[in-house]
Amino acid sequence: MATLRELKGRIGSVASSEKITGAMKMISSAKMHKAEGVLRRLSPYRDCVRTIIASLLGSDAPVTSPLTTPRQHTGRVAIVVFGSDDGLCGAYNVNIFKGLLANIASLREKYGDDTGFDVIPVGKKMTKAVVKVMAADSRINVVTDMNVDSKSEGSEVKDMGATLTRRFLDGEIDGVELVYMHYITAGKQRLEAETFLPVSAENLAGETEGGGRPYLFEPDAATIFSTALPMYLLAKLQEAFAMNRASEQAARVMAMQSANDNAQKLLEQLQLEYNKLRQQGITTELLDIVGGQARD
């Protein structure tokens, strides 16, 4: 049985842990709200560019791009999988990694078992998992030289998007997939696996009602389309990074809340045990005093 001193030490340790998890929850919550702000600022820009592209595709002007042309035979697909750089976020990385495996299995079923993959992990935790599990598969090439992490933004994301686009246009890869956690609310995120390249012109054209409208474009429609499409891809990639950051912090908030709740329960149990043991000690001392007086 533990002594009062040991119980007091445990209570102090658990109380300290409770304070730490509470502080970490507050920090993660602040970071999550910051990422939410980034998402809110990105959405109008992305929607505006998408509307422009949809208007072009829905007009009577012929517009095409190699970025919207699907390959007849898909030999190699690049998959960008987003994870975290830091831990203490529960099963966040595990769930995304399971989604990556499911996405690879789905693509192999669609294109054939001989399809090769360039897996591009974002985040130290995801990189470690991908290298450990997939390095032995000769059909999978793990790419770790993109110079991006889960906190990347601005020029780093732009360079990554340009590299993926160049490799697609040069024929090094026949498609690009994004696997990340889609942020909905602080308590709800959904695993997302979507095609980044080639861009689905049919889906974009469906953003506006009707078709064949007589627009007048200045400059010509093809120039606008070739300029707006890379802007849309960059906005989409930036949104995936922002979604990943917000979802990671939301997962960490939930993990710290769970740890804080467990610490509180443990603290209550230890406090109750401490009080019982202390009361037992007091009772024993009183009985000794009463017994000594009776003998006198």
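**Labels and their cut-offs**

Modeller: Searching the whole structure turns up 14 salt bridges. Bear in mind that this is a predicted model, where local features need pLDDT of at least 70 and side-chain atom pairs count only at pLDDT 80 or more, while totals for chains, interfaces and linings use all residues. Residues are numbered from 1 along each chain as its sequence is written, and side-chain values use heavy atoms, with hydrogens and water left out.

Biologist: What makes Asp47 and Arg50 a salt bridge?

Modeller: The term asks for a side-chain nitrogen of Lys or Arg within 4 Å of a carboxyl oxygen of Asp or Glu. Asp47 and Arg50 have N to O at 3.0 Å, so the pair meets the cut-off.

Biologist: And where do Asp47 and Arg50 sit relative to each other in helix 1?

Modeller: They are three residues apart in helix 1, so about one helical turn separates them. Helices here are DSSP runs (H or I, at least four residues) and strands are runs of E (at least two), numbered from the N terminus.

Biologist: Why is Asp47 called partly exposed?

Modeller: Buried means under 20% relative accessible area, exposed means over 50%, and partly exposed is in between (1.4 Å probe, protein chains only). Asp47 has 28% relative accessibility, so it lands in the middle class. Arg50, with 21%, is partly exposed too.

Biologist: Is Asp118 buried or exposed?

Modeller: Buried, because its relative accessibility is 3%. Arg76 has 25%, so that one counts as partly exposed.

Biologist: Which residues are linked with Arg76 and Asp118 in a network of salt bridges?

Modeller: Arg166, Arg167, Asp170 and Glu172 join those two in the network.

Biologist: What makes Asp137 and Arg139 a salt bridge?

Modeller: The closest N and O atoms are 3.6 Å apart, so the pair passes. Asp137 is partly exposed at 23%, and Arg139 is partly exposed at 32%.

Biologist: Which residues gather in the patch of negative charge?

Modeller: Asp149, Glu153, Glu156 and Asp159.

Biologist: What makes up the nonpolar patch?

Modeller: Ile282, Leu286 and Ile289, with about 260 Å² of accessible area together. Areas come from the Shrake-Rupley method with a 1.4 Å probe, and for residues only the protein chains shown count as cover. Leu286 is in helix 6 (residues 221-295).

Biologist: Why is Leu197 called buried?

Modeller: Its relative accessibility is 1%, so it falls in the buried class. Leu197 lies in strand 5 (residues 188-197). Leaving aside neighbours within four places in sequence, Leu197 has contacts (heavy atoms within 4.5 Å) that include Leu67, Phe168 and Leu233.

Biologist: How about Ser28, buried or exposed?

Modeller: Buried, because its relative accessibility is 4%. Ser28 is in helix 1 and, setting aside neighbours within four places in sequence, touches Gln249, Arg252 and Val253.

Biologist: Last one: what makes Gly123 buried?

Modeller: A relative accessible area of 4%, so Gly123 is under the 20% limit. Gly123 sits in the loop between strand 2 and helix 3 (124-134). Gly123 and Gly83 are 40 residues apart in sequence and 5.1 Å apart in space, C-alpha to C-alpha.

Methods:
Patches are made of residues with over 30% relative accessible area and no salt bridge: like charges are joined within 9 Å, nonpolar side chains (Val, Leu, Ile, Met, Phe, Trp, Tyr) within 5 Å. Lys and Arg count as positive and Asp and Glu as negative; His and the chain ends are not counted. The place of a charge is taken as NZ of Lys, CZ of Arg, CG of Asp or CD of Glu.
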